[in-house]
Amino acid sequence: MPASGGYLYFPGCSMRATGVAYEESLLELFRVLGLPLEELEDWNCCGATSYMAVDEGSALLLSARNLSIAADGSGRDVMSPCSACYLALRKTQDSVEHHPEIRAQVEAGLRAAELRPFHGVKVRHPLEILYNDVGVEALREKVVRKWRGGKIACYYGCQAVRPYHEVDRPHNPMRMDELMNAVGAQTIDYALKTKCCGGSLTGTIHEVGVRLNELLIREAARKGAGCMVTICPLCQFNLDMYQAEMGGAEIPVLYFTQVLGWALGGDGKKLGLKRSVAGAAAIREWFEVREEVRA
Amino acid sequence: MKHIARTMKYQREADPEWSARFRELPGCERISSCIQCGTCSGTCPLSIYMDHTPRQIIALIREGFKEDALGSRTIWLCASCYSCTVECPQQVRITDVMYSLKREAIREKKYPARFPIPILAREFYAFVRSRGRNSEIPVVLRMALKSNPLVLLGMVRCGWNLLRTGRMSLRREGIKGTAQLEKALSATKEAA
């Protein structure tokens, strides 16, 4: 059952830039489901993988500040839709719990900035929230639009399912598949569903980053997928942005919240559907909202 | 003629004390338990591009070949996907080991010159420290200018696609609590 007070929403930087369609569709989906979201006040960047590569103390303190703001006494869970943000928050909790010297460092930082401790804050990803708090059956009952986009390759990426196993299991996760099936979409058996997209490599060692994504897309297409669906803004960016460089047919790469939001009767204009680059024509065709199916 | 160099190391070139210190860092405690099975290298999506595979990096650390481990491109190619960490039969937290190597390589300026990944990490670090949030465009620009400005040419199409689909943030992102954040970050330095 969803918490009656809803969730504290930690967007992260990507949701305001390359991943804006994820934020739009997430907000619209939660509006349709009647689940309140409140944005975490004055949240800061999670530090992603770069901070951890430069300085561990600062990397953990970035997340510690966000967690401290979230410990507002309301008992609401934090919802973190970006896999990198989710992992940064979870890793901070985990490091503080298991390493006394790290805990001392983090507590010193919080004290110096007059920030309260963050014990007891729960960090969650929307995939797991939708799966556990709303549930597959409840979603199935709310479907008002038929899926027309062909078979889906559910791509989970890395940091949401590894190294922590709370969002889904690390080997062959199925929760996104189950949600897609619940709204009438068939999913393929996709062995590369947790193989990494390379993160920021497309921007640094471009050919290597693109090659990783090309392998992911080719395999999805070979297994008969008409589109790919992701739960992370960086995965979506990498898979969507460079298909023209790969040769082969383009396949659309959507967020799971776009598919769910549309199936549950969300406003087609508020799902960020015009923001995809690959397969934009197919997306326009699938999501054309007709009068007779509008709930 | 191709440059001929010795590819094998002598034992006296190793630094066992460094190895012992490194293995005590948080997350690196299980390095000694490695059985050199190579599962990490097999599961790594990037090992085919690395100069030393993850298994070899662990072996280098264990023997104390500090310069080779810190100077390797491997640690920067690691995208932190945690596949090795999850699959390791000996619970070596290889991703965390890579992070520890990255930090030491940056501290000691041992990373390969003009290699864009550590440059991106440092630029990202400085930008977020001053603003509290990341803005992709200025950070990517700074990385390119300090590594290889020609890569910007290859980014033109991506930039145009982001712009026309409304996915490029042109605002100056930032937080109100930058002073508070700086206090917290400086205090951890002193506590460490």
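What follows is a chat about a predicted model with chains A and B.

Biologist: Hi! Let's begin with chain B. How many helices and strands does chain B have?

Modeller: Chain B has 12 helices and zero strands. Read from the N terminus, the elements go α-α-α-α-α-α-α-α-α-α-α-α. Keep in mind that this is a predicted model.

Biologist: And what does the C-alpha trace of chain B span along its principal axes?

Modeller: About 55 × 50 × 30 Å. Of its 192 residues, 41% count as buried. Among contacts in chain B with a separation of 6 or more, 64% come from residues 24 or more positions apart.

Biologist: Which domains is chain B divided into?

Modeller: There is domain 1, covering 11-107, and domain 2, covering 113-168. Taken over C-alpha atoms, the centres of domain 1 of chain B and domain 2 of chain B are separated by 28 Å.

Biologist: Thanks. What about the domains of chain A?

Modeller: The assignment for chain A gives domain 1 (7-124) and domain 2 (135-293). Their C-alpha centres lie 24 Å apart. In the contact, domain 1 of chain A takes part with 20 residues and domain 2 of chain A with 24 residues.

Biologist: Which elements give two or more residues on the domain 1 side of that contact in chain A?

Modeller: Those are α1 (20-33) and α4 of chain A. The most comes from α1(A), with nine residues. By residue type, the side of domain 1 of chain A that touches domain 2 of chain A has 11 nonpolar, six polar and three charged residues.

Biologist: Now the two chains together. How many residues of chain A and chain B are in contact?

Modeller: 52 residues of chain A are in contact with 50 residues of chain B. On the chain A side, α2 (48-54), α3 (56-70), α5 (100-112), α9 (201-204) and α10 (206-222) each supply at least two residues. α5(A) gives the most, with eight residues.

Biologist: And how do the residues on that side of chain A divide by type?

Modeller: The side of chain A that touches chain B has 26 nonpolar, 17 polar and nine charged residues.

Biologist: Switching topic: in what order do the four strands of the open sheet in chain A come?

Modeller: The order is β2-β1-β3-β4 (chain A), and the pairing is parallel. β2 (37-39) and β4 (123-124) of chain A are at the edges with a single partner strand each, so one side of each has no neighbour in the sheet.

Biologist: How many bridges are there between β1 and β3 of chain A?

Modeller: Two: strand β1 (residues 7-9) of chain A pairs with strand β3 (residues 78-79) of chain A in the parallel sense. Within that pairing, Leu8(A) has Val78(A) in β3(A) as its bridge partner.

Biologist: Back to helices. At what angle do α3(A) and α4 of chain A pack?

Modeller: The angle between α3(A) and helix α4 (residues 83-98) of chain A is about 100°, and their axes are 9 Å apart. Since angles of 65 to 115 degrees count as roughly perpendicular, α3(A) is roughly perpendicular to α4(A).

Biologist: Which residues make the contact?

Modeller: From α3(A) come Leu60(A), Ser63(A), Ala64(A), Asn66(A) and Leu67(A), and from α4(A) come Ala88(A), Leu89(A), Thr92(A) and Ser95(A). The contact of α3(A) with α4(A) divides into five nonpolar, four polar and no charged residues.

Biologist: Now some backbone geometry. Which two residues does a cis peptide bond join in chain A?

Modeller: Arg162(A) and Pro163(A), with omega about -5°. Pro163(A) sits in the loop between β5 (152-155) and α8 (175-182) of chain A. For context, most peptide bonds are trans, and most residues other than glycine have a negative phi.

Biologist: On that note, is Glu114(A) buried or exposed?

Modeller: Glu114(A) counts as exposed, because it has 10 C-beta neighbours inside 10 Å and the cut-off for exposed is 12 or fewer. Glu114(A) has a positive phi of about 55° although it is not a glycine, and its place is the loop between α5 and β4 of chain A.

Biologist: And Ser80(B), buried or exposed?

Modeller: Ser80(B) counts as buried, with 23 C-beta neighbours inside 10 Å. Ser80(B) also has a positive phi, about 60°, without being a glycine. You'll find Ser80(B) in the loop between α5 (74-77) and α6 (83-87) of chain B.

Notes
Residues numbered from 1 in each chain as written. Chains lettered and ligands numbered in written order. Predicted model: local features only at pLDDT ≥ 70, side-chain atom pairs only at ≥ 80, totals over all residues. Domains from an automatic or database assignment. Contact = placed C-beta atoms within 7 Å. Nonpolar A, V, L, I, M, F, W, Y, C, P; charged D, E, K, R; others polar. Pairing = 2+ DSSP bridges. Axes fitted to C-alpha atoms, helices over the stretch in contact; angles between N-to-C directions. Parallel < 35°, antiparallel > 145°, perpendicular 65-115°, else oblique. Buried ≥ 20, exposed ≤ 12 C-beta atoms within 10 Å, placed from the backbone.
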